[in-house]
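Please open the model in a viewer and keep the sequence panel beside it.

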Amino acid sequence: GAETDPLIMTAAAYAYDGASWQLSTSDTCTSVAYSATPSGITVTTAPASPLTLDSGQGRLTLTPTADAGQAGGTVSVGFDFPAWLEPDPTGVATFGIARGNDRIINWQEISR
């Protein structure tokens with residue numbers, strides 16, 4: 001995303017019903033500790049660790065601080081699950097990816 005806009009990372013709990021994995025919508029109390037490690041950017045996280053699931057889902061919002069600048073950067077988010085669910089999953093949020101101009105349909109550079 002842009003280096004000035006918040007990014008939302010989602011987490012979800014699934015349960016195996018014997019045939020397939022289904023979203024565990026009855027899960028309203030699981031709390032998962034996480035750690036956010038920024039590189040090249042300063043962010044705030046909400047909610048604070050641990051992330052509590054509601055209806056099997058949770059949302060972690062990463063918001064660049066006012067002094068984050070225009071350079072962008074990445075934030076590695078690691079979740080701390082019990083040992084029997086190893087390895088712990090990790091997600092990466094990248095700030096500073098320009099989307100470009102929506103008014104340009106196709107752009108091609110030709111050099112002669």
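Is Ser24 buried or exposed? Select this residue first, bearing in mind that the model is a predicted one. Ser24 lies in the loop that joins β3 (21–23) to β4. Its relative accessible area is 17%, and because residues under 20% count as buried, Ser24 is buried. Now display its surroundings: beyond the neighbours within four places in sequence, Ser24 is in contact with Ala13, Tyr14, Ala15, Ser55 and Gly56.

Next, select β4 (31–39) and β8 (73–80). These two strands pair in the antiparallel sense over seven bridges. For a point of reference, find Ser35, which stands opposite Gly78 in β8.

**Strand β7 and its partners**

Move to β7 (57–64). With β1 (7–12), β7 forms an antiparallel pair over six bridges; in this pairing Leu7 stands opposite Leu62. Strand β5 (residues 43–46) also pairs with β7 in the antiparallel sense, over four bridges.

Colour the two faces of β7 separately. The covered face holds Gly58, Leu60, Leu62 and Pro64, while Gln57, Arg59, Thr61 and Thr63 make up the uncovered one. In a regular strand, side chains alternate between the two faces of the sheet.

From the uncovered face, select Arg59. Is this residue buried or exposed? Its relative accessible area is 52%, and Arg59 is therefore exposed, the cut-off being over 50%. Then set a distance between C-alpha atoms: those of Arg59 and Thr10 are separated by 4.6 Å, although the two residues are 49 apart along the chain. Apart from its neighbours within four places in sequence, Arg59 is in contact with Ile8, Met9, Thr10, Ala46, Pro47 and Leu51.

**The nonpolar core**

From the covered face, select Leu62. Which residues touch the most other members of the largest nonpolar core? Leu62 is one of them, together with Val75, Val77 and Phe95, in a core of 17 residues. The elements that give two or more residues to this core are β1, β4, β7, β8 and β9 (90–95). In soluble globular proteins, nonpolar side chains tend to be buried together.

Show the contacts of Leu62 with its sequence neighbours within four places set aside. They are Pro6, Leu7, Met9, Thr44, Thr45, Val75, Val77, Ala93 and Phe95.

**The largest pocket**

Finally, turn to the largest pocket, which has a volume of about 350 Å³. It is lined by 17 residues, and those closest to its centre are Ala12, Thr30, Val32, Phe81 and Leu85. Select these five to locate the pocket. Strands β1, β4 and β8 each supply at least two residues of the lining, and β1 gives the most, with three. Colour the lining by class to see twelve nonpolar, three polar and two charged residues.

Technical notes. Residues are numbered from 1 along each chain as its sequence is written. This is a predicted model: local features need pLDDT of at least 70, side-chain atom pairs count only at pLDDT 80 or more; totals for chains, interfaces and linings use all residues. Side-chain values use heavy atoms; hydrogens and water are left out. On a 1 Å grid over the protein atoms alone, a cavity is a set of points where a 1.4 Å probe fits but cannot get out, and a pocket is an open set with protein on both sides within 12 Å along at least five of seven lines; lining residues have an atom within 4 Å of a point. Grid points are joined across faces, edges and corners, and a volume is the space filled by probe spheres set on the points. Ala, Val, Leu, Ile, Met, Phe, Trp, Tyr, Cys and Pro count as nonpolar, Asp, Glu, Lys and Arg as charged, and the others, Gly among them, as polar. A nonpolar core is a set of buried Ala, Val, Leu, Ile, Met, Phe, Trp, Tyr and Cys residues joined through side-chain atoms within 4.5 Å. Buried means under 20% relative accessible area, exposed over 50%, partly exposed in between (1.4 Å probe, protein chains only). Contact means heavy atoms within 4.5 Å. Two strands pair if DSSP finds at least two bridges between them.
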